[in-house]
Amino acid sequence: MAYTHHELKSKTVAQLREIAKDIEHESLKGYSVMHKDHLVPALCNALGIEMHERHEVVGLNKAAIKAQIKELKNKRDKALETHDRAELRTVRRRIHYLKRMSHKATV
């Protein structure tokens, strides 16, 4: 069965040892005495699983949003220099909105 790093992290040590029992690999020697924090990376190495899951932004143009955020950060810095509180608030809210939008679109 194919596992992901997230699935392996959510399993108990006993379940991980049961999975490791059926696999012959150099990194899994001594699996029966390994702790979970050593067993998960060893299993990932043996099964060829990436240790970190990659996230993608779906339905948005990530580059365009990042460009807008960069432009807004420049406006924010200018508003800080001129002590324009109203402009500062609107720019910060817009940056927050764009960041939240990109986080929500992340899968």
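T4 sits in the segment before helix 1, where helices are DSSP runs of H or I with at least four residues, numbered from the N terminus. Welcome to this predicted model, in which local features need pLDDT of at least 70, side-chain atom pairs count only at pLDDT 80 or more, and totals for chains, interfaces and linings use all residues. Residues are numbered from 1 along each chain as its sequence is written, and side-chain values use heavy atoms, with hydrogens and water left out.

**The start of the chain**

T4 counts as partly exposed because its relative accessibility is 35%; buried means under 20% relative accessible area, exposed over 50%, and partly exposed in between, with a 1.4 Å probe and protein chains only. Not counting residues up to four places away in sequence, T4 touches I49 and E53, where contact means heavy atoms within 4.5 Å.

Y3 is also placed in the segment before helix 1. Leaving aside its neighbours within four places in sequence, Y3 is in contact with L8, K11, I19, L47 and I49.

**The largest core**

Which residues touch the most other members of the largest nonpolar core? They are L8, L16, I19, I23, L28, L39 and L43, out of 15 residues in that core. A nonpolar core here is a set of buried Ala, Val, Leu, Ile, Met, Phe, Trp, Tyr and Cys residues joined through side-chain atoms within 4.5 Å. Helix 2 (13-21) and helix 3 (36-47) each supply at least two residues of this core, and the largest share, 6 residues, comes from helix 3.

A second, separate core has 6 residues, including I65, L72, V91 and L98.

**Helix 2 against helix 3**

These two helices pack at an angle of about 35°, with their axes 10 Å apart. The axes are lines fitted to C-alpha atoms, for helices over the stretch in contact, and the angles run from 0 to 180 degrees between N-to-C directions. Helix 2 passes helix 3 in a left-handed crossing, a term for a near helix turned anticlockwise from the far one by less than a right angle.

On the helix 2 side, V13, L16, R17, I19 and A20 take part, meeting K36, L39, V40 and L43 in helix 3. By class, this contact has 7 nonpolar, no polar and 2 charged residues. Ala, Val, Leu, Ile, Met, Phe, Trp, Tyr, Cys and Pro count as nonpolar, Asp, Glu, Lys and Arg as charged, and the others, Gly among them, as polar.

**A look along helix 3**

The buried residues of helix 3 are L39, V40, A42, L43, C44 and A46, and they pack against helix 1 (5-10) and helix 2. How far apart are the end C-alpha atoms of helix 3? They are 16 Å apart, which agrees with the 16 Å that its 12 residues should span at 1.5 Å a residue; the expected span is 1.5 Å times one less than the number of residues. After helix 3 comes G48, with a positive phi near 75°.

**Loops and helix 5**

E24 is found in the loop between helix 2 and helix 3, and E24 is exposed because its relative accessible area is 76%. H83 lies in another loop, between helix 4 (62-82) and helix 5 (85-104). Its phi is near 60°, a positive value in a residue other than glycine, and H83 counts as exposed at 69% relative accessibility.

Not counting residues up to four places away in sequence, L98 touches I65, Q68, I69 and L72.

**Distances between pairs**

The table sets separation along the chain beside C-alpha to C-alpha distance.

| Pair | Apart in sequence | C-alpha to C-alpha |
|---|---|---|
| Y3 and H35 | 32 residues | 19 Å |
| T4 and H52 | 48 residues | 9.5 Å |
| L98 and K66 | 32 residues | 8.5 Å |
| E24 and H35 | 11 residues | 18 Å |
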